[in-house]
Amino acid sequence: MNIEMAIVFCAFMIDLAIGDPRALPHPVVGMGRVISKLERPLRAAAASPLLQRLVRPFGGSCEDRALKLAGLIYPLVLVGGSFCLGWAILYLLSLLHLWLAYGAAAWMISTTIAAKGLGDAGMDIYRLLKQGKLPEARYALSMIVGRDTDELDESEITRGAVETVAENIVDAIISPLFYAFIGGAPLALAYRAANTLDSMVGYKNEKYRYLGWASARFDDVANWIPARLTALAIAAAAAILGLKAGGALSTVRRYARLHPSPNSGFPESAVAGALGVQLGGLNYYKGIASDRARMGEPLHSLKAEHIRLTVRIMYVSSIIFVIVASGAVLAVARLFSHT
(Lines give C-alpha, C1' and ligand atoms only; values in the text may rest on other atoms or scores of the structure.)
Protein backbone atom coordinates (compact mmCIF):
# COMPACT_ATOMS: atom_id res chain seq x y z
CA MET A 1 0.00 0.00 0.00
CA ASN A 2 1.55 3.32 -1.07
CA ILE A 3 1.30 6.38 1.14
CA GLU A 4 -1.26 8.22 -1.00
CA MET A 5 -3.62 5.24 -0.93
CA ALA A 6 -3.09 4.82 2.81
CA ILE A 7 -4.00 8.48 3.35
CA VAL A 8 -7.31 8.08 1.48
CA PHE A 9 -8.09 4.89 3.40
CA CYS A 10 -7.38 6.64 6.72
CA ALA A 11 -9.58 9.58 5.67
CA PHE A 12 -12.45 7.20 4.96
CA MET A 13 -12.01 5.53 8.34
CA ILE A 14 -11.87 8.92 10.09
CA ASP A 15 -15.22 9.86 8.58
CA LEU A 16 -16.78 6.52 9.51
CA ALA A 17 -15.52 6.88 13.08
CA ILE A 18 -16.25 10.52 13.90
CA GLY A 19 -17.95 12.15 10.93
CA ASP A 20 -17.79 15.94 11.09
CA PRO A 21 -17.46 17.06 14.72
CA ARG A 22 -18.93 20.53 15.18
CA ALA A 23 -16.01 21.56 17.37
CA LEU A 24 -13.58 21.28 14.44
CA PRO A 25 -13.42 23.79 11.56
CA HIS A 26 -14.94 22.54 8.32
CA PRO A 27 -13.80 23.68 4.85
CA VAL A 28 -17.38 23.70 3.50
CA VAL A 29 -18.30 26.46 5.95
CA GLY A 30 -15.53 28.64 4.55
CA MET A 31 -16.52 27.76 0.99
CA GLY A 32 -20.11 28.76 1.71
CA ARG A 33 -19.02 32.14 3.06
CA VAL A 34 -16.91 32.86 0.00
CA ILE A 35 -19.78 31.89 -2.31
CA SER A 36 -22.16 34.21 -0.46
CA LYS A 37 -19.71 37.12 -0.45
CA LEU A 38 -19.00 36.76 -4.17
CA GLU A 39 -22.62 36.96 -5.28
CA ARG A 40 -23.08 40.72 -4.95
CA PRO A 41 -19.90 41.74 -6.82
CA LEU A 42 -20.60 39.17 -9.56
CA ARG A 43 -24.10 40.54 -10.09
CA ALA A 44 -22.68 44.05 -10.13
CA ALA A 45 -20.09 43.01 -12.74
CA ALA A 46 -22.80 41.41 -14.88
CA ALA A 47 -24.79 44.66 -14.80
CA SER A 48 -21.78 46.78 -15.80
CA PRO A 49 -21.88 48.47 -19.25
CA LEU A 50 -18.52 46.89 -20.16
CA LEU A 51 -19.73 43.30 -19.74
CA GLN A 52 -23.07 44.12 -21.36
CA ARG A 53 -21.22 45.41 -24.46
CA LEU A 54 -18.96 42.36 -24.46
CA VAL A 55 -21.84 39.89 -24.75
CA ARG A 56 -24.08 41.96 -27.07
CA PRO A 57 -22.67 40.50 -30.33
CA PHE A 58 -23.76 37.00 -29.29
CA GLY A 59 -27.46 37.92 -29.41
CA GLY A 60 -30.18 37.03 -26.92
CA SER A 61 -30.62 38.77 -23.62
CA CYS A 62 -27.49 40.74 -22.73
CA GLU A 63 -28.38 40.57 -19.05
CA ASP A 64 -28.70 36.78 -19.07
CA ARG A 65 -25.49 36.25 -21.04
CA ALA A 66 -23.62 38.67 -18.80
CA LEU A 67 -24.78 36.74 -15.74
CA LYS A 68 -23.57 33.50 -17.32
CA LEU A 69 -20.18 35.04 -18.06
CA ALA A 70 -19.86 36.49 -14.56
CA GLY A 71 -20.90 33.13 -13.12
CA LEU A 72 -17.74 31.56 -14.59
CA ILE A 73 -15.86 33.29 -11.79
CA TYR A 74 -17.50 31.04 -9.21
CA PRO A 75 -15.80 27.76 -10.24
CA LEU A 76 -12.58 29.54 -11.13
CA VAL A 77 -12.28 31.09 -7.68
CA LEU A 78 -13.83 28.34 -5.54
CA VAL A 79 -12.62 25.20 -7.28
CA GLY A 80 -9.24 26.56 -8.31
CA GLY A 81 -8.75 28.35 -5.01
CA SER A 82 -9.62 25.26 -2.94
CA PHE A 83 -7.14 23.15 -4.88
CA CYS A 84 -4.34 25.72 -4.59
CA LEU A 85 -4.96 26.44 -0.91
CA GLY A 86 -5.04 22.74 -0.04
CA TRP A 87 -1.82 22.13 -1.97
CA ALA A 88 -0.08 25.13 -0.37
CA ILE A 89 -1.02 24.10 3.17
CA LEU A 90 0.23 20.56 2.64
CA TYR A 91 3.45 21.79 1.03
CA LEU A 92 4.21 24.11 3.96
CA LEU A 93 3.44 21.36 6.46
CA SER A 94 5.72 18.96 4.57
CA LEU A 95 8.57 21.39 5.10
CA LEU A 96 8.08 20.95 8.84
CA HIS A 97 7.56 17.16 8.75
CA LEU A 98 6.21 14.76 6.15
CA TRP A 99 3.99 12.93 8.63
CA LEU A 100 2.42 16.25 9.65
CA ALA A 101 1.46 16.76 6.01
CA TYR A 102 0.18 13.19 5.76
CA GLY A 103 -2.04 13.64 8.81
CA ALA A 104 -3.37 16.95 7.53
CA ALA A 105 -4.12 15.41 4.13
CA ALA A 106 -6.11 12.59 5.75
CA TRP A 107 -8.12 15.09 7.77
CA MET A 108 -8.74 17.30 4.71
CA ILE A 109 -10.04 14.38 2.68
CA SER A 110 -12.22 13.20 5.56
CA THR A 111 -13.98 16.59 5.57
CA THR A 112 -15.00 16.04 1.94
CA ILE A 113 -16.69 12.71 2.81
CA ALA A 114 -19.98 12.47 4.68
CA ALA A 115 -20.75 8.76 4.94
CA LYS A 116 -21.37 8.82 8.70
CA GLY A 117 -23.46 11.98 8.57
CA LEU A 118 -25.57 10.65 5.71
CA GLY A 119 -26.06 7.30 7.39
CA ASP A 120 -26.95 8.89 10.72
CA ALA A 121 -29.49 11.20 9.06
CA GLY A 122 -31.17 8.27 7.32
CA MET A 123 -31.25 6.13 10.44
CA ASP A 124 -32.71 8.98 12.51
CA ILE A 125 -35.68 9.11 10.12
CA TYR A 126 -35.95 5.31 10.16
CA ARG A 127 -36.10 5.17 13.98
CA LEU A 128 -38.69 7.95 14.17
CA LEU A 129 -40.91 6.14 11.69
CA LYS A 130 -40.57 2.86 13.57
CA GLN A 131 -41.63 4.70 16.73
CA GLY A 132 -44.67 6.12 14.96
CA LYS A 133 -43.44 9.71 15.32
CA LEU A 134 -44.55 11.07 11.95
CA PRO A 135 -44.25 14.81 12.76
CA GLU A 136 -40.70 14.32 14.03
CA ALA A 137 -39.83 12.17 11.00
CA ARG A 138 -41.19 14.85 8.66
CA TYR A 139 -39.04 17.45 10.36
CA ALA A 140 -35.94 15.24 10.24
CA LEU A 141 -36.51 14.68 6.52
CA SER A 142 -36.91 18.43 5.96
CA MET A 143 -33.34 18.86 7.23
CA ILE A 144 -31.90 16.87 4.32
CA VAL A 145 -34.30 17.54 1.41
CA GLY A 146 -35.64 20.64 -0.33
CA ARG A 147 -39.18 19.33 -0.87
CA ASP A 148 -42.16 20.17 1.34
CA THR A 149 -42.57 17.54 4.05
CA ASP A 150 -45.40 18.84 6.25
CA GLU A 151 -48.09 16.47 4.94
CA LEU A 152 -46.10 13.39 3.93
CA ASP A 153 -47.17 9.92 5.10
CA GLU A 154 -44.78 7.09 5.99
CA SER A 155 -44.42 5.93 2.39
CA GLU A 156 -43.56 9.40 1.11
CA ILE A 157 -41.20 10.12 4.00
CA THR A 158 -39.48 6.83 3.21
CA ARG A 159 -39.24 7.73 -0.47
CA GLY A 160 -37.67 11.08 0.36
CA ALA A 161 -35.11 9.50 2.68
CA VAL A 162 -34.24 6.66 0.29
CA GLU A 163 -33.86 9.02 -2.68
CA THR A 164 -31.67 11.43 -0.71
CA VAL A 165 -29.39 8.76 0.74
CA ALA A 166 -29.10 7.07 -2.67
CA GLU A 167 -28.33 10.30 -4.55
CA ASN A 168 -25.76 11.41 -2.00
CA ILE A 169 -23.79 8.17 -2.20
CA VAL A 170 -22.24 9.92 -5.20
CA ASP A 171 -21.90 13.49 -3.94
CA ALA A 172 -21.00 12.75 -0.34
CA ILE A 173 -18.85 9.63 -0.68
CA ILE A 174 -17.84 8.15 -4.04
CA SER A 175 -16.98 11.39 -5.87
CA PRO A 176 -14.70 12.84 -3.16
CA LEU A 177 -13.02 9.44 -2.77
CA PHE A 178 -12.63 9.16 -6.55
CA TYR A 179 -10.85 12.51 -6.75
CA ALA A 180 -8.82 11.84 -3.61
CA PHE A 181 -7.45 8.65 -5.21
CA ILE A 182 -6.55 10.61 -8.35
CA GLY A 183 -5.17 13.84 -6.89
CA GLY A 184 -5.08 13.58 -3.11
CA ALA A 185 -6.50 16.13 -0.70
CA PRO A 186 -6.21 19.17 -3.03
CA LEU A 187 -8.37 17.54 -5.73
CA ALA A 188 -10.86 16.20 -3.16
CA LEU A 189 -11.23 19.74 -1.78
CA ALA A 190 -11.66 21.08 -5.31
CA TYR A 191 -14.48 18.58 -5.87
CA ARG A 192 -16.13 19.54 -2.59
CA ALA A 193 -15.97 23.19 -3.66
CA ALA A 194 -17.69 22.33 -6.95
CA ASN A 195 -20.39 20.38 -5.14
CA THR A 196 -20.92 23.16 -2.60
CA LEU A 197 -21.29 25.66 -5.42
CA ASP A 198 -23.93 23.49 -7.06
CA SER A 199 -25.85 23.13 -3.80
CA MET A 200 -25.87 26.90 -3.23
CA VAL A 201 -26.21 28.49 -6.68
CA GLY A 202 -26.78 25.63 -9.14
CA TYR A 203 -30.56 26.02 -9.26
CA LYS A 204 -32.72 26.43 -12.36
CA ASN A 205 -34.85 29.10 -10.72
CA GLU A 206 -35.19 32.75 -11.59
CA LYS A 207 -32.44 33.84 -9.19
CA TYR A 208 -29.66 31.46 -10.22
CA ARG A 209 -30.59 30.09 -13.66
CA TYR A 210 -27.85 32.14 -15.32
CA LEU A 211 -25.46 33.15 -12.55
CA GLY A 212 -25.23 29.55 -11.35
CA TRP A 213 -25.21 27.93 -14.80
CA ALA A 214 -21.44 27.34 -14.93
CA SER A 215 -21.39 25.97 -11.38
CA ALA A 216 -24.20 23.50 -12.12
CA ARG A 217 -22.57 22.29 -15.35
CA PHE A 218 -19.17 21.94 -13.64
CA ASP A 219 -20.73 19.76 -10.94
CA ASP A 220 -22.48 17.64 -13.58
CA VAL A 221 -19.17 16.99 -15.34
CA ALA A 222 -17.34 16.27 -12.07
CA ASN A 223 -19.92 13.64 -11.05
CA TRP A 224 -20.36 11.98 -14.45
CA ILE A 225 -17.87 9.12 -13.99
CA PRO A 226 -18.39 8.65 -10.21
CA ALA A 227 -22.18 8.38 -10.65
CA ARG A 228 -21.82 5.49 -13.07
CA LEU A 229 -19.21 3.78 -10.90
CA THR A 230 -21.59 4.17 -7.96
CA ALA A 231 -24.34 2.31 -9.80
CA LEU A 232 -21.96 -0.63 -10.29
CA ALA A 233 -20.91 -0.50 -6.63
CA ILE A 234 -24.56 -0.48 -5.53
CA ALA A 235 -25.24 -3.58 -7.65
CA ALA A 236 -22.25 -5.32 -6.06
CA ALA A 237 -23.45 -4.27 -2.60
CA ALA A 238 -26.92 -5.63 -3.38
CA ALA A 239 -25.38 -9.00 -4.25
CA ILE A 240 -23.48 -9.08 -0.96
CA LEU A 241 -26.55 -8.07 1.05
CA GLY A 242 -28.84 -10.62 -0.59
CA LEU A 243 -30.83 -7.99 -2.48
CA LYS A 244 -31.57 -7.71 -6.21
CA ALA A 245 -28.21 -7.10 -7.92
CA GLY A 246 -29.61 -7.92 -11.35
CA GLY A 247 -32.59 -5.69 -10.66
CA ALA A 248 -30.25 -2.84 -9.80
CA LEU A 249 -28.43 -3.06 -13.13
CA SER A 250 -31.55 -3.56 -15.25
CA THR A 251 -33.29 -0.65 -13.54
CA VAL A 252 -30.29 1.60 -14.22
CA ARG A 253 -30.41 0.68 -17.91
CA ARG A 254 -34.14 1.36 -18.17
CA TYR A 255 -34.65 4.36 -15.93
CA ALA A 256 -31.44 6.25 -15.03
CA ARG A 257 -31.62 8.69 -17.93
CA LEU A 258 -35.22 9.63 -17.15
CA HIS A 259 -34.03 11.62 -14.12
CA PRO A 260 -33.71 15.39 -14.74
CA SER A 261 -30.13 15.23 -13.46
CA PRO A 262 -27.56 13.57 -15.76
CA ASN A 263 -26.08 11.79 -12.74
CA SER A 264 -28.58 11.39 -9.89
CA GLY A 265 -30.67 8.86 -11.79
CA PHE A 266 -27.87 6.29 -11.67
CA PRO A 267 -27.62 5.77 -7.88
CA GLU A 268 -31.36 6.30 -7.36
CA SER A 269 -32.42 3.81 -10.03
CA ALA A 270 -29.79 1.32 -8.82
CA VAL A 271 -31.16 1.48 -5.27
CA ALA A 272 -34.75 1.25 -6.55
CA GLY A 273 -33.89 -1.90 -8.48
CA ALA A 274 -31.94 -3.42 -5.59
CA LEU A 275 -34.89 -2.90 -3.21
CA GLY A 276 -37.65 -3.73 -5.69
CA VAL A 277 -39.38 -0.39 -5.12
CA GLN A 278 -40.36 2.59 -7.24
CA LEU A 279 -38.76 5.98 -6.62
CA GLY A 280 -39.62 9.34 -8.13
CA GLY A 281 -43.06 10.84 -8.36
CA LEU A 282 -44.82 14.00 -7.28
CA ASN A 283 -42.96 16.40 -4.96
CA TYR A 284 -43.85 19.91 -3.83
CA TYR A 285 -41.32 22.69 -3.42
CA LYS A 286 -42.72 25.69 -1.54
CA GLY A 287 -46.15 24.62 -2.71
CA ILE A 288 -45.16 24.22 -6.36
CA ALA A 289 -45.67 20.73 -7.81
CA SER A 290 -42.80 18.94 -9.52
CA ASP A 291 -43.51 15.54 -11.07
CA ARG A 292 -40.32 13.47 -11.41
CA ALA A 293 -40.02 10.40 -13.59
CA ARG A 294 -40.78 7.13 -11.82
CA MET A 295 -37.80 4.80 -11.55
CA GLY A 296 -38.07 1.10 -10.83
CA GLU A 297 -40.92 -1.37 -10.54
CA PRO A 298 -43.16 -1.18 -7.42
CA LEU A 299 -42.67 -4.81 -6.38
CA HIS A 300 -42.83 -3.72 -2.72
CA SER A 301 -44.58 -0.81 -1.01
CA LEU A 302 -42.18 1.72 0.47
CA LYS A 303 -41.78 1.24 4.22
CA ALA A 304 -39.38 2.47 6.87
CA GLU A 305 -37.30 -0.72 6.56
CA HIS A 306 -36.22 0.42 3.09
CA ILE A 307 -34.38 3.36 4.66
CA ARG A 308 -32.33 0.99 6.79
CA LEU A 309 -31.55 -1.17 3.78
CA THR A 310 -30.52 1.88 1.75
CA VAL A 311 -28.12 2.98 4.48
CA ARG A 312 -26.63 -0.52 4.47
CA ILE A 313 -26.26 -0.35 0.69
CA MET A 314 -24.54 3.02 1.10
CA TYR A 315 -21.95 1.68 3.54
CA VAL A 316 -21.26 -1.55 1.66
CA SER A 317 -21.02 0.11 -1.76
CA SER A 318 -18.62 2.71 -0.33
CA ILE A 319 -16.38 0.00 1.13
CA ILE A 320 -16.47 -1.86 -2.19
CA PHE A 321 -15.42 1.29 -4.02
CA VAL A 322 -12.51 1.92 -1.63
CA ILE A 323 -11.28 -1.67 -2.06
CA VAL A 324 -11.61 -1.68 -5.86
CA ALA A 325 -10.12 1.80 -6.25
CA SER A 326 -7.20 0.84 -4.01
CA GLY A 327 -6.57 -2.21 -6.17
CA ALA A 328 -6.69 -0.09 -9.31
CA VAL A 329 -4.19 2.40 -7.85
CA LEU A 330 -1.83 -0.43 -6.89
CA ALA A 331 -2.12 -1.98 -10.35
CA VAL A 332 -1.33 1.33 -12.06
CA ALA A 333 1.59 1.95 -9.69
CA ARG A 334 3.05 -1.49 -10.45
CA LEU A 335 2.56 -0.96 -14.18
CA PHE A 336 4.50 2.29 -14.13
CA SER A 337 7.17 0.86 -11.86
CA HIS A 338 8.00 -1.73 -14.54
CA THR A 339 8.19 0.74 -17.42
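Tutor: Two strands pair if DSSP finds at least two bridges between them. Keep in mind that this model is predicted.

Student: What makes strand S1 and strand S2 a pair?

Tutor: S1 covers residues 282–285 and S2 covers residues 288–291, with 4 bridges between them. The cut-off is at least two bridges, so S1 and S2 pair. Their sense is antiparallel.

Student: Which residue in S2 is the bridge partner of tyrosine 284?

Tutor: Alanine 289.

Student: What lies between S1 and S2 in the hairpin?

Tutor: A turn with 2 residues between the strands. Lysine 286 in that turn has a positive phi of about 55°.

Student: Which residues of H11 and H12 meet?

Tutor: Gly247, Ala248, Thr251, Val252 and Tyr255 in H11 meet Phe266, Ser269, Ala270, Gly273 and Ala274 in H12. These contact residues divide into 6 nonpolar, 4 polar and no charged.

Student: How do you know that aspartate 124 and arginine 127 form a salt bridge?

Tutor: Their side chains meet at 3.0 Å, N to O. The cut-off is 4 Å, so the pair qualifies. Aspartate 124 and arginine 127 are 3 residues apart in helix H7 (residues 115–130), which means about one helical turn separates them.

Student: How many salt bridges does this rule give?

Tutor: The count comes to 10.

Conventions: Residues numbered from 1 in each chain as written. Predicted model: local features only at pLDDT ≥ 70, side-chain atom pairs only at ≥ 80, totals over all residues. Heavy atoms only, no water. Contact = heavy atoms within 4.5 Å. Nonpolar A, V, L, I, M, F, W, Y, C, P; charged D, E, K, R; others polar.
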